[in-house]
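Work through the exercises below with the model open. Try each task before reading its solution.

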Amino acid sequence: MLIHLTGHLVAAEDAKVSVFDHGFLYGDGVFEGIRVYNRRIFRHDAHLLRLYRSAKAIMLQPLPPVEEMKRAIEDTVRANEMGDGYIRAVISRGPGDLGIDPRKCPEPTIVVIATGIALYPEEVYEQGMECVTASTRRSRPDVLSPAIKSLNYLNNVLAKIECIRAGVPECVMLNDRGLVAECSADNIFILSRDFNGQTELRTPPITAGSLEGITRDTVMQLAGEIGVRCVERDIALFDIYSAEEAFLTGTGAEVVPMTMLDQRPIGDGKPGPVTRQLIARYRELTHTEGEPLF
Ligand SMILES: Cc1ncc(COP(=O)(O)O)c(C=O)c1O
């Protein structure tokens, strides 16, 4: 396996980062998780935009021009002849001294890894997933914005530990107001029905304390194409318990039906028709969008 390390492709065993790197010492850096389908990088420009926005928010500089970063990612995929898989792009503050002062880190470390991905088994998409609500609250947006995809994922890791203890793959995380923010590594949508029988898809706004997911964005577009109204709106746990359907979205997970939360079946406890349609449309799109790299 070949890894891109700050301008060079090196063998995996030689891809080493300094113990003085502030990404390692302080989680000081940003990253992206990107998918390759059928030799195509899915929504590459959107991921680059989010990466550079995150970097700007933490004043991570100097950065290569975005086109150079894009080429580094494409070259890494080509060098590994990876037709389907997962890319991890990381930009850390780089090596400095033991203080947190970022001015001591003159050169960011850039890493691109192109590798395989452990997918959920197909039965999760067919039968749905059980989740619990984590007691760990999502980081307050006014303290450390969850919109920054930073290397500091401890908040999410603590929630993941709760999932593991509960024996479920994902969990719902609430924000400081007790409203739904997102999952430990995915965004969340519900399909709600009002008293007049009208249904709409709802997902929490970014200001609720969630990452601006690229799969979330894609699914919002796909919902429009299949004629389902989709709104960003605050969601409480009650809204999930009483929803007709619910699903998670993420680059790795794609679109996953959530059919049980805190031991309450959602809808009839099976993946609903809107979720199924979105799973199918998403799969179709991932395999056709973008130019084949090799
Ligand atoms: C905390 C969090 N929320 C949501 C997502 C989903 O985002 P995306 O669809 O861009 O992968 C991720 C995945 O990276 C994440 O880490």
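**Exercise 1. State the domains of the chain and the distance between their centres.**

Solution. The domain assignment, automatic or from a database, gives domain 1 (2–115) and domain 2 (126–286). Residues are numbered from 1 along each chain as its sequence is written. The model is predicted: local features need pLDDT of at least 70, side-chain atom pairs count only at pLDDT 80 or more, and totals for chains, interfaces and linings use all residues. Next, take the centres over C-alpha atoms: 27 Å separate domain 1 and domain 2.

**Exercise 2. Describe the side of domain 1 that touches domain 2.**

Solution. Start with the contact (C-beta atoms, placed from the backbone, within 7 Å). Domain 1 gives 21 residues and domain 2 gives 12. Then assign elements, which are DSSP runs (helices: H or I, at least four residues; strands: E, at least two; numbered from the N terminus). On the domain 1 side, β3 (29–37), α2 (44–57) and β5 (85–92) each give two or more residues. The largest share, 8 residues, comes from β3. Finally, sort by class: 9 nonpolar (Ala, Val, Leu, Ile, Met, Phe, Trp, Tyr, Cys, Pro), 7 polar (the others, Gly among them) and 5 charged (Asp, Glu, Lys, Arg).

**Exercise 3. Why does the chain count as compact as a globular protein of its length?**

Solution. Count elements: 8 helices and 15 strands. The radius of gyration, over C-alpha atoms, is 20 Å, close to the 19 Å of the globule rule for 294 residues, so the chain is as compact as a globular protein of that length. That rule is 2.2 Å times the number of residues to the power 0.38. The C-alpha atoms fill a box of roughly 60 × 45 × 30 Å along the principal axes.

Technical notes: Two residues are in contact if their C-beta atoms, placed from the backbone, lie within 7 Å.
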